[in-house]
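Here is a friendly tour of the pockets, the cavity and the helix packing in one protein model. Have the viewer open as you read.

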Amino acid sequence: MKKYKRIFLVVMDSVGIGEAPDADVFNDIGADTLGHIAEHMNGLTMPNMAQLGLSNIREIKGIEKAVNPKAFYTKMQEASNGKDTMTGHWEIMGLNISQPFRTFPDGFPDELLNELEDRTGRKIIGNKPASGTEILDELGEEHMKTGALIVYTSADSVLQIAAHEEIVPIEEQYRICEIARELTLDEKYMVGRVIARPFIGNPGEFERTSNRHDYALKPFGRTVMNELEDNNYDVIAIGKISDIYDGEGVTRAIRTTDNNDGMTKLAQSMDDDFTGISFLNLVDFDAKFGHRRDPIGYGHALQEFDVRLPEVLQKLKEDDLLIITADHGNDPVHPGTDHTREYVPLIIHHVNVTEGNEIPVRNTFADIGATIADNFNIALPEYGKSFMKDIK
């Protein structure tokens, strides 16, 4: 069986491909991220993903089905109890999360915020679920006048702290988030991530900067990335991958500013001589368009990703494997601002694919981790089944 020296794993954050069988449990009946975006765009133009078989998984308006797909393709169902970024990514690397992270639809408890104020010496304003841009419009000026921290959450298990870089220096912002992370490790809070959300500008024209930093819980068990690192393989984490796993199993972390920069950094990693995986998260789909319920912006971002794809495909070598998938859905026309419980696409390509075909639907995202472990002959994760034999 062929083994690959390098595996490039791309997570298109939130690009779901239709409601999962258990969507009703998550109030997500009818969710269809790709399908609804394609309808609002009057068809998506993604010829490169079309050639790889995206519309062969499930026909999507504007994207032709490939007669001779250049990849193996299917969809994956999430097995864990959740539909957030961390749950999806942790499952991809071989875990199963049975206890969902806690969310705070009514804001955070006074007990937690009082202690955060005491520890940081700064007052807190906000404390509610909100859009990251709207809350700056609402409270940014007050923050600049008082130095109070803007604390908010979302439908995810996140505690976000926004502060102006000229009012609260970035080093202090990170220290504040480290304190918040320490306080929320308590099981009664079970917050998945604390996120620093620095911004700049003046009232009416605030702009978030690329100095965002996520402080995640450590994975609840050993992942395939841990096994790779322990066996002296490279694990290159691009974008927020290192944050999602709290650095566990990461041998090199590369920050990105947006999806386009992420694709640039992925392509640059392909010029490196390494043995292991290069793991990219493209967060803009989720953060900039899914949560903001912007199907047109989301559609344009998908098409921009497709334009960048040939650069990656052309750099693949004989012993490289490319895997493209997602971590959950975020249907921008579904009610609310939450993620959506959906199948996610799975596309697997290598240069010797002359005519790909459909492989069996996966019952867990952990099949990716199991396949990576199988490829590098390391300990298989507890969850997941390798699909290596299906992509010969």
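This is a predicted model: local features need pLDDT of at least 70, side-chain atom pairs count only at pLDDT 80 or more; totals for chains, interfaces and linings use all residues.

A pocket here is an open set of points on a 1 Å grid over the protein atoms alone, with protein on both sides within 12 Å along at least five of seven lines, and its lining residues have an atom within 4 Å of a point. Grid points are joined across faces, edges and corners, and a volume is the space filled by probe spheres set on the points.

Residues are numbered from 1 along each chain as its sequence is written, and side-chain values use heavy atoms, with hydrogens and water left out.

**Largest pocket**

- The lining of the largest pocket is made of 30 residues, and Arg197, Thr209, Arg212, Thr257 and Lys288 lie nearest the centre.
- Two or more lining residues come from each of α6 (134–146), β6 (193–200), β7 (207–208), α10 (259–269), β11 (276–282) and α11 (284–290); helices (H or I, at least four residues) and strands (E, at least two) are DSSP runs, numbered from the N terminus.
- The lining of the largest pocket splits into 8 nonpolar, 9 polar and 13 charged residues, where Ala, Val, Leu, Ile, Met, Phe, Trp, Tyr, Cys and Pro count as nonpolar, Asp, Glu, Lys and Arg as charged, and the others, Gly among them, as polar.

**Second largest pocket**

- The second largest pocket has a volume of about 450 Å³.
- Its lining has 25 residues, with Ala130, Ser131, Gly132, Ser154 and His291 nearest the centre.
- At least two lining residues each come from β4 (149–153), β5 (158–164), β6 and α11, and β6 gives the most, with 3 residues.
- The lining of the second largest pocket has 8 nonpolar, 8 polar and 9 charged residues.

**Cavity**

- A cavity is a set of grid points where a 1.4 Å probe fits but cannot get out, and the structure holds 1 cavity of 30 Å³ or more.
- The largest cavity has about 40 Å³ of space.
- Asp84, Thr85, Met86, Phe101, Asp156, Ser157, Val158, Gly192 and Arg193 form the lining of the largest cavity, with 3 nonpolar, 3 polar and 3 charged residues.

**Helix α5 with helix α7**

- The axes of α5 (residues 110–120) and α7 (residues 170–183) come within 10 Å and cross at roughly 140°; axes are lines fitted to C-alpha atoms, for helices over the stretch in contact, and angles run from 0 to 180 degrees between N-to-C directions.
- That angle makes α5 oblique to α7, since angles under 35 degrees count as roughly parallel, over 145 as roughly antiparallel, 65 to 115 as roughly perpendicular and the rest as oblique.
- Leu112, Glu115, Leu116, Arg119 and Thr120 of α5 touch Arg175, Ile176, Ile179, Ala180, Glu182 and Leu183 of α7, where contact means heavy atoms within 4.5 Å.
- This contact of α5 with α7 involves 6 nonpolar, 1 polar and 4 charged residues.

**Helix α12 and its partners**

- α10 packs on α12 (residues 295–315) at an angle of about 5°, with the axes 10 Å apart, which makes the two roughly parallel.
- On the α10 side the contact uses Asn260, Met263, Thr264, Leu266 and Ala267, and on the α12 side Phe305, Arg308, Leu309, Glu311, Val312 and Lys315.
- The contact of α10 with α12 has 6 nonpolar, 2 polar and 3 charged residues.
- α1 (residues 33–40) meets α12 at an angle of about 100°, with their axes 9 Å apart, and these two helices are therefore roughly perpendicular to each other.
- Thr33, Leu34, Ile37 and His40 of α1 are in contact with Pro295, Ile296, Tyr298, Gly299 and Leu302 of α12.
- The contact of α1 with α12 has 6 nonpolar, 3 polar and no charged residues.
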